[in-house]
Amino acid sequence: MKRMLLLGDEAIAQGALDAGLSGVYAYPGTPSTEITEYIQKVKEARERGVHSDWSANEKTAMEAALGMSYAGKRAMVCMKHVGLNVAADGFVNAGITGANGGLLVLVADDPSMHSSQNEQDSRYYGKFALVPMIEPSNQQETYEAAGHAFALSEKYATPVLVRITTRLAHSRAGVELSDPRAENDLRLPADKRQFVLLPSIARKNYQSLLGKQVAFEEEAENSPFNKYIDAEDRSLGIIACGIGYNYLMENFPEGCPHPVLKLSQYPVPRNHVKRMLDECERVLILEEGAPFVEEQIRGLMDATYNILGRLDGTVPRAGELNPNIVAKSLGREIALTEDKSEIVRPRPPELCPGCPHIDSYNALNQALMELEPGRVFSDIGCYTRGALEPFNAINSCVDMGASITMAKGAADAGLFPAVAVIGDSTFTHSGMTGLLDAIIEDSPITVMIVDNETTGMTGGQTSSARGKLEDICKGLGVPEDHIRVVEPLKKYHDENVAMIKEELYHKGVSVIIERRECIQTAKIARKLAKEVKS
Amino acid sequence: MKRDIILAGVGGQGILTIATIIGYAAVERGLSLKQAEVHGMSQRGGDVQSHLRISDAPIYSDLIPEGRADLILGIEPMETLRYTTYLAPDGWLITNRKPFVNITDYPDYETVWKEIEDLPRSILVDGEKLAREVATARSMNMVILGAGSPFLDIPAEDLEGAITAIFSRKGDAVVEQNIAAFRSGRAFAEESNLATE
């Protein structure tokens, strides 16, 4: 049997490939990026012609994957948790249309917000859309989850959500591979109206989805990923979801003395849970993320059973789990030998030396110097670091594209000048429609597109904006004399400041494109060129 | 056997190369391995760490529990101090001596070194100097790996085999330099260890 050392992200990718994947659709986002990158790199995927180009955003990715499923092939769409907010329209309605070819929606959550704006738990989305979910506990299960999800998806004609979290996505372990399965042939849906969500059809589809819920729960009761492991000491029972199971077993390397329900497939299998509640005096629930299972078991009145978890403070309400938190919740706190050092200082990530955003912010700050601060709306990307010392240049970072629309709203309120700073890839992800709003009302905003010609923060993936920004802005209706392209370099500082000032005081939409390649991708390109030469 | 190792440094210093080499040697020996890495926003100039776990028994958690690390191996001294609470009662802290200063409030160097030297089991290595003596400053992370190697319970020849496998694409000269750097770090740690025992 073939064995590989794989990140959780790579395990789902390899699992999907071996289960007959025909296409992956995604927009980069930590901690999900490496899934698509892996498929792009694998020779076999290229030879098979598995689709793996980046999408403009998670919504377009979700819909393209649904289209591939419509055509009968197995498709996967990958995103980080907040990406599912962007894809939610397509995702929830895909629950109603159902799938044809297997449709796997992979969401990588980021509890503790290592590189995110929030720590929302995607399992709520799965329940909201009424679709089955798998939450693997380790790399091997992640690999197997892909084939299992595709089979489940095709058996019930439903999308299946697979949820992983940062620690699994970015941790490597040995994985044993199964024999690969061939891709599906092109096969259109038998019912040519399955995907037409006119109200009359949607109502019918929705009834059918509701009707499947019992079967989905039965699948979870009998899932190979869920296990009821009985044990003698029933003073406590433990429901361990996803990687919570690993942290539990870390504390009991010789085996857990209490009954354990290892839970990795949803909807919550009620029979297993009921058995534990009936047989154990107290039940501790370990979840990586929100108290999703805990809330369902407690219900609103929370009276019948003795339940411990995030809601009563046994486990902290926010943040990811780790072995120490779990140990403490079990009353087995691990003693520490050394104290925390008092002299260690935080070392936040920074803009790389030579980064074009440094010059863009220096110019913008100077252009705004005589004005009261607090008028720069920004977005998600490397340039968000402009909020920190020494720049203190931006005043918002909310969601992909919000810089332009928030600047517009503030301008509507009377703020002038109002500025938006957005990256090239973020602009094509979700900035273009907001710019259209501003153009239609001729809102007095200045949009600075910091164009480093790549999706920088996630490691330099191809940006959908590359070579298209001027044409997009023109096409949306920005007047040509207010589309300004500059090169953010120290030697052009004074003229760039003067130009920004001109546009700041223009009483309409201006777009300033600050174009200079990301120094990281430039470095890699130089290295590659050198290797080709030698 | 079981070894839980925290690798610490600053984004770009090459801790993942160290992790890859130890991981390669461990897998070749048929050991189980888990290696949690930091990707994404934390990479550039920020603090980075990797939890590397090797064992001949199954490994559950991807994260090492605080209080249970056998070794903290660092390329930057203050960064190793960030993880002292992870040290097991008999755990070692081994780090490069030279600070990497990209923050304005970096603590006084002497204080950092003293805090490390005051730990019951620690070794400070002048990785850059040792690397320059046998190779170039770029092989500094191999000196650090060498200095940590006596504490890994993996034979040195296995680790050298892993270095050879991983650097072979870059040519024999690079392999030899990295192995020389590794040996120099290992010799230094063995001498210091004898001196403290």
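**Figure 1. Buried area between domain 1 and domain 3 of chain A.** In this predicted model, domain 1 of chain A and domain 3 of chain A bury about 910 Å² between them, 54% of it on carbon and sulfur atoms; buried area is the accessible area (1.4 Å probe) that two parts lose on being put together, summed over both. Tyr27(A), Trp54(A) and Gln117(A) supply 46% of the area that domain 1 of chain A buries against domain 3 of chain A, more than any other three residues. The division of chain A, which comes from an automatic or database domain assignment, gives domain 1 (3–221), domain 2 (227–329) and domain 3 (356–521). The C-alpha centres of domain 1 of chain A and domain 3 of chain A are 34 Å apart.

**Figure 2. Contacts between domain 1 and domain 3 of chain A.** In contact (heavy atoms within 4.5 Å) are 13 residues of domain 1 of chain A and 14 residues of domain 3 of chain A. Five residue pairs, both at pLDDT 80 or more, are in polar contact between domain 1 of chain A and domain 3 of chain A. A polar contact is a pair of N or O atoms within 3.5 Å; within protein, one must be able to donate a hydrogen and the other to accept it, and residues adjacent in sequence count only if both atoms are side-chain atoms. Zero salt bridges are found across this interface of domain 1 and domain 3 of chain A, a salt bridge being a side-chain nitrogen of Lys or Arg within 4 Å of a carboxyl oxygen of Asp or Glu.

**Figure 3. The interface of chain B and chain A.** Chain B and chain A each contribute 46 residues to the contact and bury about 4,100 Å² between them, 53% of it on carbon and sulfur atoms. Four salt bridges are found across the interface of chain B and chain A. One salt bridge joins Glu250(A) to Arg53(B), with the closest N and O atoms 2.6 Å apart.

**Figure 4. Strand pairing between chain A and chain B.** Strand S7 (residues 171–176) of chain A pairs with S2(B) in the antiparallel sense over three bridges. Strands (E, at least two residues) are DSSP runs, numbered from the N terminus, and two strands pair if DSSP finds at least two bridges between them. Arg172(A) stands opposite Gln35(B) in S2(B).

**Notes.** Residues are numbered from 1 along each chain as its sequence is written, and chains are lettered from A in the order in which they are written. Local features need pLDDT of at least 70, side-chain atom pairs count only at pLDDT 80 or more, and totals for chains, interfaces and linings use all residues, while side-chain values use heavy atoms, with hydrogens and water left out.

Conventions
Helices (H or I, at least four residues) and strands (E, at least two) are DSSP runs, numbered from the N terminus.
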